[in-house]
Amino acid sequence: MTILENILLAGLIICAAAAPLCKRLLATVIVYLAFSVILAVLWSMLQSPDLAITEAAVGTGISGILFFLTLKKIRALKGTRDE
Amino acid sequence: MLEAIVQNRFAVVAVILFGIGLLNMMLQQNLMKKVIGFSIMDSAVFLLLASLGYIEGHGAPIIDEGSVNASLYINPIPSGLVLTGIVVSVSVTAFSLALIQRIYQRYGTIELHELLERAKKEED
Amino acid sequence: MSDGREKSAWRRFADWVNGDSEPIDRTTQYVMNRRPPRQEEPPELHEQRERLRLKKFLGLYPLAAGFLCVALIAILFATVIYIPPFGQPGNPTNNEVSRHYLEYTEEETGATNAVTGMILSYRGFDTLGESCVLFLAVSSVMMLLQRDKNNTDEQTLHRLRREDAIERTHPDNILRKSAKLLTPFILLFALYVLFNGEISPGGGFSGGAILGGGLILYSSAYGPEQLSRLLTRSLYDTVRITGLMAYALTYGIYIFAGANGIKLEMEWMMIVIDLAVGLVVACTIYGFYTMFQRGKV
């Protein structure tokens, strides 16, 4: 269990460091969502299932939708149907 | 010292994440990336708080009928605080994203340099 | 002269402290309103100097910011080494408060999930304030993004109409079919999480978030009109305000009864508070989505 925990913690740091270094904003948002998923798994390993459910629903689903809608509004999604 | 770092690995990771988020917030020129740095800082604080309530070998705080023994479960207080915090952090993110949309409508860019230039040009 | 000006400045300061707003005399107003003397030098020289100043600032700022961050992280690291070891039962955070919550939650609030019992009854004021934060957040997002005739030009309307026409003529079949299949189950799961939060992981926040997610899935698959015919603006506002009001009222009764030693059945109160929080969270999330998507509920 400790090994898995350490891998997840390393993944958190890698995702957090990589997210803002991506050139495209879409990639940034997707890496940030991966960060949230790892965090949700970590909550369940810290024996807080309430937090895991909330993080999976809110941090990954809802904030992902909000980020994507904002990207659409600021025309940062190249190659979609609108462009 | 190395032992302390390994033992408090959650706190160390929280500090590193906080630093990454703060650096991004201060140094990035793109407003979206600033918001993401802010969210990373939020998550770092939550990670530190939730790790403070964890107790090795104890279970989730859902109490079995009949066996009310406090030494079987983890501390529920940090979980409750973080639970409210996660939802509030999402609403703060949504509010900043709405501000970004308005800024884009007004100035046509979300890069801070260009934004400052255009705002200054309009002011003159 | 300088003495007199200083005196008047002091008096102005004293008036400001006392709250007497006295109009500034004309000379100071003139001095304060005057822009820096720009016509004395040629404009391009001024511009060049400004640009140099900005460049200097932009060169210095990353260094200062980086130094500040590194110093802060060093301080935090020095603190982390001295905090008590991770996961030990004797840590100062695991004190008698948490022991009380764990031992008496079921008896005092009727919830077996200590986290839900704690945030909905012991720390109910905290959650009430947090619901108010959500309410205010969605209100301010509405202020920023709501579309009416003052901030919408013909071009945007045309673009929106074109997007709607594309949506109508080219429906996404995979999305529609899967949304039709999944939405009832998502809503059912949300209600399960919402009402079962007292005896299993879940509760108002997660249940409300899943409820909002189900609404968003349906709305994005079938177009915004389909859902907004069912969930109109007035209904949406009613649900939002009723949720917050029901929370405040129920928790007020709860606190009043507890303070005066009146014995009341607590079970239904927990469910009402749970439902109120869930409705507020679901409305907040759905409101964010519709505001971001098209600027009206």
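## Where chain A meets chain B

Across the interface of chain A and chain B, six residue pairs are in polar contact, both partners having pLDDT 80 or more. A polar contact here is a pair of N or O atoms within 3.5 Å; within protein, one must be able to donate a hydrogen and the other to accept it, and residues adjacent in sequence count only if both atoms are side-chain atoms. On the side of chain A that touches chain B, the elements giving two or more residues are helix 1 (2-18), helix 2 (25-45) and helix 3 of chain A. Helix 3 of chain A gives the most, with twelve residues. By class, this side of chain A has 24 nonpolar, seven polar and six charged residues. Ala, Val, Leu, Ile, Met, Phe, Trp, Tyr, Cys and Pro count as nonpolar, Asp, Glu, Lys and Arg as charged, and the others, Gly among them, as polar.

Please keep in mind that this is a predicted model, where local features need pLDDT of at least 70, side-chain atom pairs count only at pLDDT 80 or more, and totals for chains, interfaces and linings use all residues. Residues are numbered from 1 along each chain as its sequence is written, chains are lettered from A and ligands numbered from 1 in the order in which they are written, and side-chain values use heavy atoms, with hydrogens and water left out.

The contact takes 37 residues from chain A and 39 residues from chain B, contact meaning heavy atoms within 4.5 Å. About 3400 Å² is buried between the two chains, and carbon and sulfur atoms give 79% of that; buried area is the accessible area (1.4 Å probe) that two parts lose on being put together, summed over both. There is one salt bridge between chain A and chain B, formed by A:E5 and B:R9 with their closest N and O atoms 2.6 Å apart. A salt bridge is a side-chain nitrogen of Lys or Arg within 4 Å of a carboxyl oxygen of Asp or Glu.

## A threonine in helix 3 of chain A

A:T54 sits in helix 3 (residues 49-73) of chain A. Helices (H or I, at least four residues) and strands (E, at least two) are DSSP runs, numbered from the N terminus. With a relative accessible area of 0%, A:T54 is buried; buried means under 20%, exposed over 50%, and partly exposed in between (1.4 Å probe, protein chains only).

The side chain of A:T54 reaches the backbone oxygen of A:D50 at 2.8 Å. Leaving aside residues up to four places away in sequence, A:T54 touches A:G59, B:L83, B:I86, B:V87 and C:S206.

## Chain B on its own

Chain B has five helices and zero strands. Its radius of gyration is 21 Å, well over the 14 Å that the globule rule gives for 124 residues, so chain B is more spread out than a compact globule. The radius is taken over C-alpha atoms, and the globule rule is 2.2 Å times the number of residues to the power 0.38. Along the principal axes, the C-alpha atoms of chain B fill a box of roughly 70 × 40 × 15 Å.

Buried residues make up 56% of the 124 residues in chain B. Within chain B, B:E122 and B:R106 meet in a salt bridge (2.7 Å, N to O). B:E122 is partly exposed at 45% relative accessibility, whereas B:R106 is exposed at 52%.

## Where chain B meets chain C

Here 52 residues of chain B are in contact with 55 residues of chain C. The area buried between them is about 5000 Å², with 75% from carbon and sulfur atoms. B:V15, B:M26 and B:I63 supply 11% of the area that chain B buries against chain C, more than any other three residues.

Eleven residue pairs are in polar contact across this interface, and the count of salt bridges is one. That salt bridge joins the side chains of C:E50 and B:K120 (3.6 Å, N to O).

## A salt-bridge network

The whole structure holds eleven salt bridges over all chains. A:K72, C:R159 and C:E163 are linked in a network of them. C:E163 pairs with A:K72 at 3.8 Å between the closest N and O atoms; C:E163 lies in helix 7 (residues 154-169) of chain C and A:K72 in helix 3 of chain A, so this pair joins two chains. C:E163 also meets C:R159 at 3.3 Å, N to O.
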